[in-house]
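I am opening a notebook on this structure and will write down, entry by entry, what I looked up in it.

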Amino acid sequence: MSQKLNHIIDNINFKYVKENDVANSNKLYKFKKYLFYLYALAKYQKLRHFTFYENTEVKINNSQFHDFSKRMKSIEGMSTIANAWIINQIASGLDKDQNYLNIGCWKGFSLIAGMINTTCKVFGVDNFSWVDAPRNEFYKNFNNYKNNEKHFFHDGDYVNFLKEWEKKNEYIDFYFFDGPHTYKDQYQSLELASNFFKTGTLILIDDTNWEEPREATMNFINKNSGKYKILHDLKCKHARHPTYWNGLIILQKQ
Ligand SMILES: C[S@@+](CC[C@H](N)C(=O)[O-])C[C@H]1O[C@@H](n2cnc3c(N)ncnc32)[C@H](O)[C@@H]1O
């Protein structure tokens, strides 16, 4: 999987705004963003997160990427299409007995990214504790893609969910924690979930531009010396960036 992952990431190209650019210094980006904001204000009476889809292309599987992006467009996400594509391509490499677990789903963007054209089981967890708590929008999006046999959602706190995971009697093959990003939560979520990681498990950590998630991840790796390898540390200039959103680290359990 680590070679496939290199291939996926090497084949992503950012057309206008590159990872190290300040997004707003690109006139096209800025223009489209404010146009999008105006449209969102008129349609939803509030600002929506701007995913600058046209910034991203892939050099292989282009028609698959195009189809994937088209479906993702209807779901507002706190992420980018590049991150969603990475999730989708990792999940696509899992078979029907393997799983993808996403804690922190919000409106479903990162969860559904793992459900489109994949055969693995997909588990989502969110307690909708944030002020906007978009429960209805989440369920609307989730139910559009849901297959009852392999897609599951837990409406509740991630700590209890991970403590109960043992009862399922299965490992976690692909883990993405995008819940609260305090040091304590990031560390605790890795520690609890790691009871169910096995050799080859992939772990995605986002918002790694921020100190707390980065430090918690690095301390977790150091504490478990030799057990985890950093496959990619994808950086971008600032938060809400149209490349890797706010930074992404991909680990593999050795
Ligand atoms: C950054 S958002 C997730 C964004 C989402 N992954 C996406 O792609 O758009 C974080 C989510 O974590 C959820 N959350 C916060 N604390 C939680 C907890 N203790 N247990 C489960 N979910 C939690 C929030 O309700 C929120 O929806």
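Predicted model: local features only at pLDDT ≥ 70, side-chain atom pairs only at ≥ 80, totals over all residues.

**Entry on strand β4 and its partners**

With that term settled, I looked up which residue of β4 is the bridge partner of Leu 101. I found that the partner of Leu 101 in β4 is Phe 123. Strand β3, residues 99-103, pairs with β4 in the parallel sense, over 5 bridges, and within β4 I found Lys 121 standing opposite Asn 99. I then turned to β5, which runs parallel to β4 and is joined to it by 5 bridges; here Phe 123 stands opposite Phe 152 of β5.

Next I asked myself whether β4 is mostly covered or open, and how many of its residues are buried. The strand is mostly covered, as 6 of its 6 residues are buried. I noted that in a regular strand the side chains alternate between the two faces of the sheet. In β4, Lys 121, Phe 123 and Val 125 point one way, while Val 122, Gly 124 and Asp 126 point the other way, and all of them are buried.

**Entry on the whole sheet**

I followed the sheet across and wrote down that it is open, that it has 7 strands in the order β5-β4-β3-β6-β7-β9-β8, and that the pairing is mixed. At its edges I found β5 (151-155) and β8 (228-234), each of which pairs on one side only. On average, neighbouring strands of this sheet are turned by 15° against each other, if direction is ignored. Helix α8, residues 183-194, packs on the sheet, where it touches β3, β6 (172-177) and β7 (197-206), and the direction of α8 makes about 170° with that of β6.

**Entry on His 151**

I picked His 151, which has its place in strand β5, and asked why it counts as buried. Leaving aside neighbours within four places in sequence, I found His 151 in contact with Met 115, Val 122 and Lys 146. I also looked up Tyr 175, which is 24 residues from His 151 along the chain, and the C-alpha atoms of the two are separated by 15 Å.

**Entry on two residues with positive phi**

I looked at Asn 169, which lies in the loop between α7 (158-164) and β6, and found its phi near 60°, a positive value in a residue other than glycine. Asn 169 is exposed, with 7 other C-beta atoms within 10 Å.

Trp 245 is found in the loop between β8 and β9 (248-253), and its phi is near 65°, again a positive value in a residue other than glycine. Trp 245, with 25 C-beta neighbours inside 10 Å, counts as buried.

**Entry on helix packing**

I looked up the packing of helix α3 (residues 62-72) with helix α4 (residues 81-92), and noted an angle of about 115° with the axes 11 Å apart; the crossing of α3 past α4 is right-handed. From α3, Phe 65, Phe 68, Ser 69 and Met 72 meet Ile 81, Ala 84, Trp 85 and Asn 88 of α4. I sorted the residues of this contact of α3 with α4 into 6 nonpolar, 2 polar and no charged.

I then returned to α8, which packs with helix α9 (residues 211-223) at an angle of about 35°, the axes being 8 Å apart, and passes α9 in a right-handed crossing. Among the residues that make this contact are Tyr 187 and Leu 190 of α8 and Ala 216 and Phe 220 of α9. By class, the contact of α8 with α9 has 6 nonpolar, 3 polar and 3 charged residues.

**Entry on the ligand**

Last, I asked which of the 21 residues around the ligand come nearest, and wrote down Gly 104, Trp 106, Phe 109, Ser 110 and Asp 178. The elements giving two or more residues to the shell around the ligand are α5 (109-113) and β4 (121-126). By class, I recorded 10 nonpolar, 7 polar and 4 charged residues in that shell.

Definitions and conventions. Residues numbered from 1 in each chain as written. Near = placed C-beta within 6 Å. Helix = DSSP H or I, 4+ residues; strand = E, 2+ residues; numbered from the N terminus. Nonpolar A, V, L, I, M, F, W, Y, C, P; charged D, E, K, R; others polar. Axes fitted to C-alpha atoms, helices over the stretch in contact; angles between N-to-C directions. Left-handed = near helix turned anticlockwise from the far one by under 90°. Contact = placed C-beta atoms within 7 Å. Pairing = 2+ DSSP bridges. Buried ≥ 20, exposed ≤ 12 C-beta atoms within 10 Å, placed from the backbone.
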